[in-house]
Amino acid sequence: MPETNSIVDIRATIVETRRISTAVSIITLDCPAIAASARPGNFINVKVSDTTLPLLRRPFSIHNVRGTLIDIMVKSIGSGTSLFCDRPAGSTVMVLGPLGNCFDIAGQEFDIAILLSGGIGTAPMLFLEKTLAAKGKKVINLIGGQSKEDILAGNLSNCRFATDDGSAGFRGNVVELLRSELTTISKEGRAKVFACGPNAMLKAVASFCREEQLACELSLESVMGCGIGICYGCSVEVNSPDGGLRTILLCREGPVINGELLAV
Ligand SMILES: Cc1cc2nc3c(=O)[nH]c(=O)nc-3n(C[C@H](O)[C@H](O)[C@H](O)COP(=O)(O)OP(=O)(O)OC[C@H]3O[C@@H](n4cnc5c(N)ncnc54)[C@H](O)[C@@H]3O)c2cc1C
Ligand code: FES
């Protein structure tokens with residue numbers, strides 16, 4: 001996967017926080033240096049408060065870039081994320097980024113990109129979709145959630161939905177939706193899957209793509225401390241070419257990995 005250069009640690013102003021569901025907000029940060037070099041799939045590490053609580057920064061995918069502004073989509077699940085969502089516009093946070101590698105969209109091996117996401121895993125897809133569209137690639141979004149309240153489609157285009165309870169779109173999970181749509185999608189050209197969501201979903205995506213010999217990249221999650229390869233908090237095991245397993249640091253060699261690498 002392509003790597004990212006020019007990491008900066010800057011104090012960024014929160015321009016706006018917009019709640020889009022009971023637990024999820026879009027937070028807009030003014031950080032020109034990160035906006036200028038960010039690539040789809042990169043993340044930032046945010047010190048959400050000026051106190052030592054919480055001590056560690058929290059990682060968030062870059063949801064969108066608009067000039068000098070970056071948007072991030074934050075789901076409030078604990079102390080750090082709820083503090084962050086409650087910070088008022090005009091206050092500032094320390095932001096380290098852009099971090100990690102990015103989705104590999106430069107190759108010519110696909111005509112249509114299938115952006116497959118579940119829950120808060122939809123966060124990186126808007127920036128990815130806009131960048132792919134600017135390169136003239138066709139994009140389809142397959143988005144899953146437990147019910148329609150969990151679908152975070154926002155400004156994404158060409159979307160199909162899957163919900164466990166059938167309250168929006170296909171009844172079932174998003175990998176089953178991919179299975180049901182693949183023949184139709186494949187008529188439009190060679191497809192490549194870009195996925196982000198819970199690790200269990202990503203394992204199912206990787207296994208399906210192997211069966212169907214579909215190119216696939218996955219953005220994984222792990223607990224992260226430093227975001228820059230120092231604390232070893234983000235180590236995960238992936239397949240190695242000799243048939244065994246090897247350990248990578250997800251903040252440096254990820255968060256995006258080739259689907260072939262995921263041990264399923
Ligand atoms: C590369 C990367 C990109 C991410 N992008 C986004 C994003 O765009 N939007 C977003 O809302 N979140 C994203 N996350 C997850 C986000 O960083 C965590 O939700 C956040 O750190 C939790 O902080 P907290 O203090 O609110 O929760 P804590 O109080 O630390 O934890 C609350 C609960 O959530 C669990 N938890 C904490 N972190 C994670 C995690 N990474 N995955 C699963 N469970 C976790 C804890 O075990 C605990 O049970 C990303 C994570 C990574 C690694
Ligand atoms: S988060 Fe510290 S090494 Fe990856």
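Tutor: Let's start with helix H4 (residues 174-186) and helix H5 (residues 199-212), which pack at an angle of about 25° with axes 9 Å apart. Here axes are lines fitted to C-alpha atoms, for helices over the stretch in contact, and angles run from 0 to 180 degrees between N-to-C directions. Helices (H or I, at least four residues) and strands (E, at least two) are DSSP runs, numbered from the N terminus. H4 and H5 are therefore roughly parallel; angles under 35 degrees get that label, over 145 is roughly antiparallel, 65 to 115 roughly perpendicular and the rest oblique. The crossing of H4 past H5 is right-handed, meaning the near helix is turned clockwise from the far one by less than a right angle.

Which residues make the contact? On H4 they are Val174, Val175, Leu178, Arg179 and Leu182, and on H5 Met201, Ala204, Val205, Phe208 and Glu212. Two residues are in contact if their C-beta atoms, placed from the backbone, lie within 7 Å. By class, the contact of H4 with H5 has eight nonpolar, no polar and two charged residues. Ala, Val, Leu, Ile, Met, Phe, Trp, Tyr, Cys and Pro count as nonpolar, Asp, Glu, Lys and Arg as charged, and the others, Gly among them, as polar.

A word on ground rules: this is a predicted model, where local features need pLDDT of at least 70, side-chain atom pairs count only at pLDDT 80 or more, and totals for chains, interfaces and linings use all residues. Residues are numbered from 1 along each chain as its sequence is written, while chains are lettered from A and ligands numbered from 1 in the order in which they are written.

Follow the chain out of H5 and you get to Gln213, in the loop between H5 and strand S13 (215-219). Gln213 isn't a glycine, yet its phi is positive, about 55°. Most residues other than glycine have a negative phi. Gln213 counts as exposed because it has 7 C-beta neighbours inside 10 Å; the cut-offs are 12 or fewer other C-beta atoms within 10 Å for exposed, 20 or more for buried, and partly exposed in between, with C-beta atoms placed from the backbone.

Asn158 is another non-glycine with positive phi, near 50°. Its loop runs between strand S9 (138-145) and strand S10 (159-163), and Asn158 is exposed too, with 12 other C-beta atoms within 10 Å.
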